[in-house]
Amino acid sequence: MHGRTIERGETPAAVAVPAPVGEAAPHHDRFRRLVAADAWDALPADVRRRFSKRLAGRATATYSGEIVWTRLSGAGWLLAQLCRLIGAPLPTAASGPAPAAVVVSEDRASGGQIWTRLYGRRRGNPQVIHSAKRFAGPTGLEEHIGGGFGMALTVQAEGDALVFTSDHYFWQAGRLRLRFPSWLAPGTTVVTHQHLGSGRFAFDLTVVHRRFGELVNQHGLFRDG
């Protein structure tokens, strides 16, 4: 089943409207609105709870665990290095098991969320990846990674997992928004959040290019903080 998209004439504000200052924001149903009701209801309770949290004030949601593996093809490694120019949103090196942590907080200005990921490495300091999820755009959800670059995402509930798939990539500055043509896109990005039971979940990231094949494959195991 496919995630809900914004209909013609409907504004992104209809998907998630920040509440006025001093009022409780109706953020608990932002992800639910992107998925067909029956598919959302069929998800494990742990998954629905994680993606329905209200994070008021300075509250954060934290998840700890490990990145079991990160695999990069030659083209994937090159892409990751180029992406350093816009904040290094992709893992920059292949690796084996390493500690990891994720912190989620509210972005009060946009009504979205700020995601900070901390990934340990064999040598040197951990890699820190920042991104912002905003409930806007033609698919209802965008991931902003820095420098005005981002990707529109669709959301699907598949059995015991939520699956986020890139629809297209863009660069935005104010009201100016440029969509990347398919030949310039880095590939299809898929992020899967899969229920494992007892407060645990698997995180999988893949980037697959239509010509160069799989560029990135990352698998992590996390638990509720």
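Phenylalanine 149 is partly exposed, with a relative accessible area of 25%; buried here means under 20% relative accessible area, exposed over 50%, and partly exposed in between, with a 1.4 Å probe and protein chains only. This is a predicted model, in which local features need pLDDT of at least 70 and side-chain atom pairs count only at pLDDT 80 or more, while totals for chains, interfaces and linings use all residues. Residues are numbered from 1 along each chain as its sequence is written, and side-chain values use heavy atoms, with hydrogens and water left out.

Which residue pairs with the ring of phenylalanine 149? The partner is phenylalanine 180: the ring centres are 6.0 Å apart and the planes stand at 80°, so the pair is edge-to-face. For the terms, rings of Phe, Tyr and Trp (its six-membered ring) pair if their centres lie within 6.5 Å; planes under 30 degrees apart count as stacked, over 60 as edge-to-face, and the rest as tilted. This pair links distant parts of the chain, 31 residues apart: phenylalanine 149 is in strand β6 (residues 149–158), and phenylalanine 180 is in the loop between β8 (176–179) and β9 (188–197). Helices (H or I, at least four residues) and strands (E, at least two) are DSSP runs, numbered from the N terminus. Phenylalanine 180 is partly exposed, at a relative accessible area of 23%.

By the ring rule, the count comes to eight aromatic pairs. Phenylalanine 31 and phenylalanine 135 form an edge-to-face pair, 5.0 Å centre to centre with 80° between the planes. These two lie 104 residues apart, phenylalanine 31 in the segment before α1 (37–42) and phenylalanine 135 in the loop between β4 (127–134) and β5 (142–146). Both phenylalanine 31 and phenylalanine 135 are buried. Together with Phe51 and Phe164, Phe31 and Phe135 form one aromatic cluster.

Let me turn to charges and rings. A charge sits over a ring if NZ of Lys or CZ of Arg is within 6 Å of the ring centre and within 35 degrees of the ring normal. The charged end of arginine 177 is placed in this way over the ring of phenylalanine 170, 3.7 Å from its centre. Likewise, the charged end of arginine 71 sits over the ring of tryptophan 69, at 4.3 Å from its centre.

What else does the side chain of arginine 177 meet? It forms a salt bridge with glutamate 142 (2.8 Å, N to O), a salt bridge being a side-chain nitrogen of Lys or Arg within 4 Å of a carboxyl oxygen of Asp or Glu. Arginine 177 is partly exposed at 30% relative accessible area, whereas glutamate 142 counts as buried at 3% relative accessibility.

The count of salt bridges comes to nine. One of them joins arginine 50 and aspartate 224 at 2.7 Å, N to O. Here the separation is 174 residues, with arginine 50 in helix α2 (residues 45–50) and aspartate 224 in strand β11 (residues 213–224). Arginine 50 counts as buried at 6% relative accessibility; aspartate 224, at 25%, counts as partly exposed. Asp46 and Arg49 are linked with Arg50 and Asp224 in a network of salt bridges. Glutamate 143 and lysine 133 also meet in a salt bridge, at 2.9 Å, N to O. Glutamate 143 is in strand β5 and lysine 133 is in strand β4, 10 residues apart, and glutamate 143 and lysine 133 are buried.

Next, threonine 92. Its place is in the loop between α3 and β2 (98–107), and threonine 92 is buried, with a relative accessible area of 6%. Beyond its neighbours within four places in sequence, threonine 92 is in contact (heavy atoms within 4.5 Å) with residues including Trp77, Arg84 and Arg121.

Finally, the chain as a whole. The protein chain has three helices and 11 strands. Of its 225 residues, 45% count as buried. Among contacts between residues at least 6 apart in sequence, 50% join residues at least 24 apart.
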